[in-house]
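Subject: Handing over the structure

Hi there,

Here is the structure I promised to pass on to you. Please open it alongside this email, and then read on for what was found in it.

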Amino acid sequence: MRKPKLAVWKFASCDGCQLSLLDCEDELLAVAGAVEIANFPEASSAVVEGPYDVSLVEGSVTTPHDLERIVDIRAQSGLLITIGACATSGGIQALRNFADVREFTRAVYASPEFISTLETSTPIAEHVKVDFELRGCPINKYQLVELIGSFLNRRRANIPHHSVCVECKRKGNPCIPVSNGSICLGPVTHSGCGALCPSYNRGCFGCYGPKELANAESLAAWAKQELEADPATLKRVFHNFNAWASPFKEEGSSHG
Amino acid sequence: MFSMGRRDKAVTSHKFKDRIPGFVTEEGTKIDTRTFSLRGLDQLIQTLLDHGYQCIGPVVRDGVIAYDKVSSTADLPQGWTDEQSPGHYRLRKREDDACFGFVVGPHSWKRFLYPPERRLWQLQKQGQSFVRVGEPEVAPRYAFLGVKACELAAIGIQDQVLKDGPVPDPDYTQRRDNALIIAVNCTESAETCFCASMKTGPEAAGGFDLVLTEILEPKHAFVAQAGSERGREILDALQTAEASESQIESARAGIASAADGQTRTVDTDGLRELIERASESIHWGEIEERCLSCANCTLSCPTCFCSDVEDSTDLTGEHAERWRRWDSCFNRGFSFVAGGEIRHSTASRYRQWMTHKLSTWHDQFGSSGCVGCGRCITWCPVGIDITEEIQQFRLRDQL
């Protein structure tokens with residue numbers, strides 16, 4: 001039986017998520033044994049032409065060229081999976097969506113006239129049909145292997161949609177907003193990281209974006225009233241890696 | 001997974017009455033009550049270890065009082081207490097050297113009896129079929145030191161669900177049968193405690209092997225009674241003296257002050273029916289405005305027992321595993337059935353939780369599912385208070 005062809009694509013991103021695939025170490029040989037890594041410039045300059053059975057897409061759409069490229073990638077892909085906060089929500093670069101991008105280019109580049117960029121940074125799913133969104137900044141490599149494994153074995157992926165709190169509770173972490181007054185986005189954030197920050201006594205940064213039914217408004221109201229969070233802090237915690245994902249987008253904007 | 005049939009059996013052996021239980025029998029005869037010092041407590045822990053138990057008790061860890069391995073009294077939270085209110089917990093220094101001068105921490109004993117994650121089996125492909133691989137796990141032998149009355153009641157409720165029901169969970173049953181329970185009566189309450197309302201505490205009334213009451217007057221000591229043959233053997237192995245009248249009086253006074261000190265109450269009269277009538281109340285929607293559907297309440301609750309069973313394969317498909325993990329009715333996937341999930345709103349999930357806990361639990365298991373430990377109040381990140389919500393349903397019911 002022919003091995004499924006896998007392609008990895010990059011849009012506006014830091015490369016961290018696609019490097020999670022190379023970071024698989026123990027599982028890397030098994031991945032390479034199970035799929036044909038046909039197009040992955042970060043790993044090999046040998047590129048096999050499409051179409052591809054699975055495309056992993058990293059990064060957000062930020063240029064006119066990206067707009068064309070994503071449509072072309074969709075056309076040559078069987079399954080299109082977006083990986084990471086940039087691809088699933090627009091990433092940290094979506095902070096431009098709340099400001100004037102021309103001001104940024106003028107401040108950063110000596111010759112801003114050569115910069116061809118869009119006003120906004122947007123998730124892939126705003127432009128083409130996406131079959132699965134794998135969250136995280138960066139993604140969890142074990143979830144990536146699980147996702148590939150579920151595809152290869154034609155089963156549902158075990159990637160739960162619950163809050164980070166569930167991971168904290170299973171690990172036996174005390175709830176730090178309760179026990180030390182930290183501001184923690186865990187209760188409104190999608191699981192997947194294994195409650196990394198709360199396990200080190202630091203409030204959740206919300207790297208995996210909003211969970212389903214995320215009640216950001218209630219969490220912010222409590223933080224303001226009981227944990228004495230000021231509006232600038234609240235704006236900053238919600239307008240972070242997943243700033244463009246609702247309801248983090250609206251909640252951050254409501255604090256000044 | 002569990003039968004919804006009505007069960008009329010009383011759920012626990014706890015019968016809290018308006019007497020001073022524990023120190024005299026119902027007939028008025030004095031129960032053999034022993035006493036030992038802090039050094040005696042060390043001897044008790046050593047005896048447990050010598051008997052091959054893993055001793056689990058309260059320890060200070062990560063800014064809370066958690067349950068973990070204990071090898072001497074030096075591991076206990078001596079001189080510490082917990083300050084609790086809705087959405088708030090802080091460790092505080094005590095002015096005395098009490099070892100059990102706290103209420104309950106974020107974890108309950110269910111972590112040890114019903115672990116949060118457990119591999120149920122693994123299979124390996126051999127030829128065209130799968131064979132089971134791996135050695136079956138041997139259940140640990142725990143001695144739990146410092147089980148409070150509300151926790152005992154919770155263990156009694158989980159026994160009903162996981163051990164004494166029509167389909168016993170083999171791992172739970174084995175862990176539970178192995179476990180030795182040393183209860184400690186509460187001599188003070190937190191702001192979030194309401195065990196007196198739920199009739200589960202503050203005094204342990206049964207279901208233990210040994211019960212201790214820590215007294216600070218006339219001097220720091222423990223007053224002990226056996227609750228089983230195993231407990232009697234352990235107690236007999238220690239150097240103890242007969243407890244004096246003044247020590248017993250001091251223990252009684254401590255327990256009475258814990259009961260008197262509870263500021264939260266729940267009127268349980270007709271509560272089951274009240275929640276049943278409230279199924280279409282607009283108040284569920286008002287709770288939804290605050291509730292995060294994060295699942296903290298259910299996972300902190302010592303009686304919540306829901307779990308998910310997850311099957312997975314490796315990349316080759318030649319190795320498969322089945323894991324059980326704690327789940328919650330606040331999670332989307334929890335209500336997944338053929339065709340999709342059925343509880344899409346936070347209001348519907350909160351209603352499910354509270355209705356099960358306070359109303360349909362009676363139908364299913366013959367008791368309330370709430371023991372009044374207050375964890376769901378303290379550990380709710382936005383301080384939702386179940387006793388306050390009950391009061392709101394009462395007020396609306398009277399309109």
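A term to begin with: a polar contact is a pair of N or O atoms within 3.5 Å; within protein, one must be able to donate a hydrogen and the other to accept it, and residues adjacent in sequence count only if both atoms are side-chain atoms.

Residues are numbered from 1 along each chain as its sequence is written, chains are lettered from A and ligands numbered from 1 in the order in which they are written, and side-chain values use heavy atoms, with hydrogens and water left out.

Let me start with chain A. Its two parts are domain 1 (5-152) and domain 2 (164-253), with bounds that come from an automatic or database domain assignment. Taken over C-alpha atoms, the centres of these two domains of chain A are 25 Å apart. Contact here means heavy atoms within 4.5 Å, and it brings 19 residues of domain 1 of chain A together with 15 residues of domain 2 of chain A.

The two domains of chain A bury about 1300 Å² between them, with 58% of that on carbon and sulfur atoms. Buried area is the accessible area (1.4 Å probe) that two parts lose on being put together, summed over both. Between domain 1 and domain 2 of chain A there are 7 residue pairs in polar contact, both residues being at pLDDT 80 or more, and 0 salt bridges. A salt bridge is a side-chain nitrogen of Lys or Arg within 4 Å of a carboxyl oxygen of Asp or Glu.

Next, how do the two chains meet? Chain A gives 36 residues to the contact and chain B gives 47. Together, chain A and chain B bury about 3200 Å², 55% of it on carbon and sulfur atoms. The count of residue pairs in polar contact between chain A and chain B is 22 (both at pLDDT 80 or more). How many salt bridges join chain A and chain B? There is 1: Arg349(B) pairs with Glu212(A), and their closest N and O atoms are 2.8 Å apart.

Over all chains the structure holds 41 salt bridges. One of them links Asp171(B) and Arg175(B), at 2.9 Å from N to O. Both residues lie in helix α4 (170-178) of chain B, 4 residues apart, about one turn of the helix. Helices (H or I, at least four residues) and strands (E, at least two) are DSSP runs, numbered from the N terminus.

There are also some backbone details to look at. Most residues other than glycine have a negative phi, and most peptide bonds are trans. Ala195(A), however, has a positive phi of about 55 degrees, and it lies in the loop between α8 and α9 (196-199) of chain A. The bond from Ser246(A) to Pro247(A) is cis, with omega near 0 degrees; Pro247(A) sits in the loop between α11 (231-238) and α12 (248-253) of chain A. The bond from Gly201(B) to Pro202(B) is cis too, with omega near 5 degrees.

Finally, a word on confidence. pLDDT is the predictor's confidence in each residue, from 0 to 100. Chain B has a mean pLDDT of 92, with 93% of its residues at 70 or more, but pLDDT stays under 50 over residues 1-20 of chain B. Where pLDDT is low, the predicted coordinates should not be read in detail.

Best wishes
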